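Open the model in a viewer and keep the selection panel at hand. The tour below goes from one selection to the next.

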Amino acid sequence: MTNSTHAQPDSASSFARIQAGMARRRASEQRFKMLGRIAVGIGLLFLVILLTSIVSKGYTAFWQTQMRIDVMLSADEIDPEGTRKAETLHKADYSSLIKQSMREMFPDVSGRRDRFALYGLVSNGAAFDLRDRVMADPSLIGTKVSLWVPADDDVDMLMKGHIDRDAAEGDRRIKDNALGWIDQLEADGRLEMRFNVDFFTKGDSRDPELAGIRGALMGTIFTLMVTLSLSFPLGVAAAVYLEEFAPKNKWTDLIEVNINNLAAVPSIVFGLLGLAVFINWFELPRSAPLLGGLVLTLMTLPTIIIASRAALKSVPPSIRDAALGIGASPMQATLFHVIPLALPGMLTGTIIGMAQALGETAPLLMIGMVAFIADVPQGVFDPSTALPVQIYLWADSPERAYVERTSAAIMVLLAFLALMNLVAVLLRKRFERRW
């Protein structure tokens with residue numbers, strides 16, 4: 001009787017301790033979940049702040065202030081001999097025609113300094129636009145044409161609100177007389193904000209209003225084409241050999257350790273390697289997509305090899321055993337059974353490695369892709385730059401107009417990265433097989 005009386009309090013106290021322990025574990029679990037949510041929220045907050053900052057500074061670059069001018073295409077100025085040859089039309093002084101048009105719009109402006117300020121309202125690229133139009137249609141010679149041309153970057157910044165017109169004259173780049181001319185042009189309907197097609201169709205320029213990303217974008221595409229064509233077959237072949245055929249000894253262990261170490265090497269080291277080997281030894285041309293692709297191949301190979309080996313390891317051994325059991329050779333089992341099942345992981349790792357290479361700047365700076373390139377490259381041997389390097393160059397420029405172009409180029413780069421990751425997801429879903 002006494003033993004049963006003592007057993008009941010002991011059981012009750014044990015149950016109470018268990019309940020208290022479970023309550024503590026549930027509270028600890030809730031705190032852990034809360035900390036996880038807070039961490040995710042902070043990460044998303046910083047991401048939103050970053051994207052908001054980039055978009056708020058860069059979206060205006062997709063719009064450009066255009067000025068409408070009426071130009072008299074005098075035959076005496078453009079084609080005095082009447083031959084209408086391309087060489088003659090190309091060498092004509094179109095800049096003087098632009099200046100004459102500006103003087104006709106503001107006949108009261110006199111004095112060398114005021115006229116120089118008046119001419120500065122129009123971009124230097126206006127003469128090239130006029131030349132291209134005349135060369136495309138020589139029948140315009142002798143007539144008066146109305147042409148929309150880019151305004152100067154200071155006019156563009158004023159129209160976008162980046163220059164305070166209420167500030168003292170000495171504190172802004174546009175003087176009071178120029179403000180009056182701009183207001184008159186706007187009142188006459190000669191100033192408009194239009195979609196900036198030149199940003200996507202032209203290369204780099206010393207004039208911010210003429211600078212575009214097409215040269216850097218084509219250079220990036222050519223560089224990634226070289227990188228993909230070299231890194232994917234080499235990386236997959238190395239992974240297949242190491243995982244499926246290589247004997248397990250100290251040499252393969254040494255190779256595996258070095259591959260893992262190379263994946264953590266700073267990217268600038270690969271730039272130094274490319275400078276020493278590809279430029280000084282093989283004497284490849286500087287600032288060419290071929291050279292950039294070779295350097296980025298060295299950088300991405302360890303990542304692709306590691307990802308491909310992980311994909312091969314994820315294939316169940318029963319797949320290999322079944323293939324060998326029905327008479328397939330080890331090579332046939334690997335090529336026709338293992339690799340197809342591991343292909344989604346290989347493609348995903350490759351595209352992630354390519355996305356990493358897309359954002360690299362340091363190795364490209366070391367091999368000379370930092371040069372000013374105004375022309376759009378037509379092949380892998382033409383001088384070019386890349387989007388990350390173009391962003392670096394614009395960010396280092398003092399003009400205010402380059403700030404928005406820097407952010408706009410970052411937006412294009414992020415869109416490119418998002419597209420590559422989307423392709424990786426789609427390829428994985430397309431080729432993924434369940435077993």
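Start with helix H5, residues 112-119: with four residues, H5 gives the most to the lining of the largest pocket. Bear in mind that this is a predicted model.

The largest pocket holds about 590 Å³ of space. Its lining has 28 residues, and those nearest the centre are Tyr119, Gly120, Leu121, Val122 and Asp152. Coloured by class, the lining shows twelve nonpolar, five polar and eleven charged residues.

Now select Leu121. Beyond residues up to four places away in sequence, Leu121 touches Met67, Met102, Ala151, Asp152, Val155, Ala178, Trp181, Ile182 and Leu185. Leu121 is also among the residues with the most contacts inside the largest nonpolar core, along with Met67, Leu73, Ile78, Tyr94 and Leu130. That core has 39 residues. Strands E1 and E2 (144-150) and helices H4 (94-105), H6 (126-136), H7 (153-159) and H8 (176-187) each supply at least two of its residues. Apart from this core lies another, of 23 residues, including Ala61, Leu387, Ala408 and Leu417.

Move to strand E1, residues 63-72, and pick Gln66. Is Gln66 buried or exposed? Its relative accessible area is 12%, so Gln66 counts as buried, the cut-off being under 20%.

Finish at the second largest pocket, with about 250 Å³ of space. Gly125, Phe128, Lys202, Ser205 and Leu210 are the closest to its centre among 13 lining residues. That lining divides into three nonpolar, three polar and seven charged residues.

Notes
Residues are numbered from 1 along each chain as its sequence is written. This is a predicted model: local features need pLDDT of at least 70, side-chain atom pairs count only at pLDDT 80 or more; totals for chains, interfaces and linings use all residues. Side-chain values use heavy atoms; hydrogens and water are left out. Buried means under 20% relative accessible area, exposed over 50%, partly exposed in between (1.4 Å probe, protein chains only). A nonpolar core is a set of buried Ala, Val, Leu, Ile, Met, Phe, Trp, Tyr and Cys residues joined through side-chain atoms within 4.5 Å. Contact means heavy atoms within 4.5 Å. On a 1 Å grid over the protein atoms alone, a cavity is a set of points where a 1.4 Å probe fits but cannot get out, and a pocket is an open set with protein on both sides within 12 Å along at least five of seven lines; lining residues have an atom within 4 Å of a point. Grid points are joined across faces, edges and corners, and a volume is the space filled by probe spheres set on the points. Ala, Val, Leu, Ile, Met, Phe, Trp, Tyr, Cys and Pro count as nonpolar, Asp, Glu, Lys and Arg as charged, and the others, Gly among them, as polar.
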